[in-house]
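These are my notebook entries on a structure I looked through, set down in the order in which I checked things.

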Amino acid sequence: MTSPGIQRRTRQTVSQILMIPAALAVLSAGGLIFALVEDGVWDALSWVTLSIPIALFVICIVRGRR
Amino acid sequence: MKSGTKSLRRWSWVHKWSSLVCTVFMLLLCVTGLPLIFHEEIDEFLHEQVAASAAPEGAPKANLDKAVAEALTRFPGQVPHFLIWDRDDPSALWVSIGKSLDADPSDNRLARVDAHTGAFLDAPDITKRFTYIMLKLHTDMFAGLGGKLFLGLMGILFCVAIVSGIVVYVPSVRKLRFGTYRGGRPRIVRWLDVHNLAGILLVVWTLVVGFTGVINTWADLVIKIWQFGQLAEMTAQYRDRPPPQRLSSLQSAVDVTSKAIPDMQPGFVAFPGTILTSKSHYGVFMRGSTPLTSRMLKPALIDAETGHLTDSRDLPWYVSTLLISQPLHFGDYGGMPLKIIWAILDIVTIVILVTGLFLWLKRHRSAATVSRFVRLNEASIGSRVSS
């Protein structure tokens with residue numbers, strides 16, 4: 001076991017595992033659609049939502065490196 | 001073996017082989033797609049462009065017949081296929097010119113004319129450009145329709161790999177918190193974590209870009225279906241008529257259409273006899289003004305003998321699907337920030353592909369080592385037994 005908090009003692013259920021990915025999927029789908037609707041605010045909304053997966057990727061890798 | 005384990009093995013098999021077959025081509029698509037996101041900026045940077053005259057907003061536009069005639073003077077004996085309004089630059093128009101009406105439009109030369117003065121600006125040979133070579137590699141690998149459809153097939157495999165990837169992701173992270181990256185563990189564990197994390201974070205984007213790419217490979221077929229379907233229906237009464245002796249005015253065809261469809265603006269005109277209209281009609285394709293509706297075209301057919309409107313209909317769903325697939329694949333509908341996001345997501349996709357390939361190589365090799373070890377053991381046991 002590496003560090004506490006990373007490994008879980010109990011096995012998670014499928015819905016527990018897929019909860020965050022599902023939320024991110026909805027967010028990404030929104031991000032793809034927003035910029036199609038209108039320019040301006042909708043574009044910005046799309047930039048923010050589509051940046052979230054990128055930001056999470058960087059955060060998780062940096063946090064895990066230590 | 002439990003049925004769950006059995007089906008998981010099946011999914012792993014699907015994930016492994018669908019990815020393995022498409023990975024090399026997906027890498028090619030990701031690498032060539034990266035500069036294509038910025039093709040306008042790259043072209044602008046690498047190549048000189050004659051600037052259009054500065055005209056104040058709302059200044060009168062040039063007569064379109066004159067503008068096209070002006071462009072044609074540079075290409076004697078050739079014919080116009082399309083007149084295209086630049087979506088991003090209202091000061092210029094493009095005339096797509098072919099050797100003859102039935103020449104393949106993908107070999108056409110593009111001439112730029114000034115939208116206000118109608119003067120010829122330039123007609124660069126784009127086939128030597130870096131972006132053109134990237135585009136050809138990206139769309140058909142210089143192998144024509146066959147290459148295009150082949151890449152489409154690879155795109156379908158990519159989508160299969162993503163979906164099966166979600167299925168194998170679940171048991172792989174059963175005991176881990178979301179987003180775990182075990183930085184202190186051996187390389188193969190780290191690769192697996194990166195592959196899992198990036199893969200699951202980008203599921204929707206990779207699926208959308210992958211599948212819209214697949215749809216784009218069907219463009220030629222979609223146009224053919226439209227020609228023989230809706231277009232043939234709209235022009236049925238003209239089928240046996242000879243093509244017009246003299247073409248009516250292009251400008252008036254656009255004016256008639258603009259009057260008939262006042263809430264839209266012209267996107268492009270297909271000249272009579274080209275692939276997007278009949279031999280007797282100007283096909284005037286109107287577009288809306290929002291990012292979405294500017295991709296959704298509505299054709300109006302103008303009789304090129306009388307100049308009257310023959311028919312105008314919304315495009316069928318399969319053409320609309322193709323049209324909406326384009327921005328979702330290119331990422332060109334939300335300004336420069338969206339392009340940059342597209343580029344980063346493309347790079348992360350390359351990371352997914354490469355880590356996936358490494359994982360397979362590593363496991364493949366270790367599996368081979370194990371089986372060799374087993375074989376050696378068996379051999380030595382066998383030799384001991386026989387002696």
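Entry 1, a strand pair. I started at strand β3 (residues 109-114) of chain B, which pairs with β4(B) in the antiparallel sense over two bridges; strands count as paired if DSSP finds at least two bridges between them, and elements are DSSP runs numbered from the N terminus, helices being H or I of at least four residues and strands E of at least two. I noted that B:Val113 stands opposite B:Phe120 in β4(B), and that B:Arg112 stands opposite B:Asp122 in β4(B). The two strands form a hairpin with five residues between them, and in the turn B:Gly118 has a positive phi of about 80°. On the numbering and the kind of model, I wrote down that this is a predicted model, in which local features need pLDDT of at least 70 and side-chain atom pairs count only at pLDDT 80 or more, while totals for chains, interfaces and linings use all residues. Residues are numbered from 1 along each chain as its sequence is written, and chains are lettered from A and ligands numbered from 1 in the order in which they are written.

Entry 2, the whole sheet. I then followed strand β2 (residues 92-98) of chain B, which pairs with β3(B) in the antiparallel sense over six bridges, and found that B:Ala92 has B:Asp114 as its bridge partner in β3(B). The open sheet to which they belong has eight strands in the order β4-β3-β2-β1-β5-β6-β7-β8 (chain B), with antiparallel pairing. Its edge strands are β4 (120-122) and β8 (309-312) of chain B, each of which pairs on one side only. Neighbouring strands of this sheet are turned by 30° against each other on average, direction ignored; axes are lines fitted to C-alpha atoms, for helices over the stretch in contact, and angles run from 0 to 180 degrees between N-to-C directions. I also saw helix α9 (residues 250-260) of chain B packing on the sheet, where it touches β5 (265-270), β6 (281-287), β7 (297-303) and β8 of chain B, with its direction at about 45° to that of β6(B); residues are in contact if their C-beta atoms, placed from the backbone, lie within 7 Å.

The axes of helix α1 (residues 3-37) of chain B and helix α4 (residues 130-139) of chain B come within 9 Å and cross at roughly 145°. I listed the residues that make the contact, among them B:Leu28, B:Leu29 and B:Leu36 of α1(B) and B:Met134, B:Leu135 and B:Leu137 of α4(B).

The assignment, automatic or from a database, gives domain 1 (10-40 + 134-217 + 334-375) and domain 2 (218-333).

I found 36 residues of chain A in contact with 37 residues of chain B. To the side of chain A that touches chain B, α1 (14-37) and α2 (41-65) of chain A each supply at least two residues.

Chain A averages a pLDDT of 88 and 86% of its residues score at least 70, pLDDT being the predictor's confidence in each residue, from 0 to 100. Over residues 1-5 of chain A pLDDT stays under 50. Chain B averages 93, with 94% of the residues at 70 or above; among its elements α11(B) has the lowest mean pLDDT (78) and α7(B) the highest (98). The model scores ipTM 0.90 and pTM 0.89.

Note on methods. Two residues are in contact if their C-beta atoms, placed from the backbone, lie within 7 Å.
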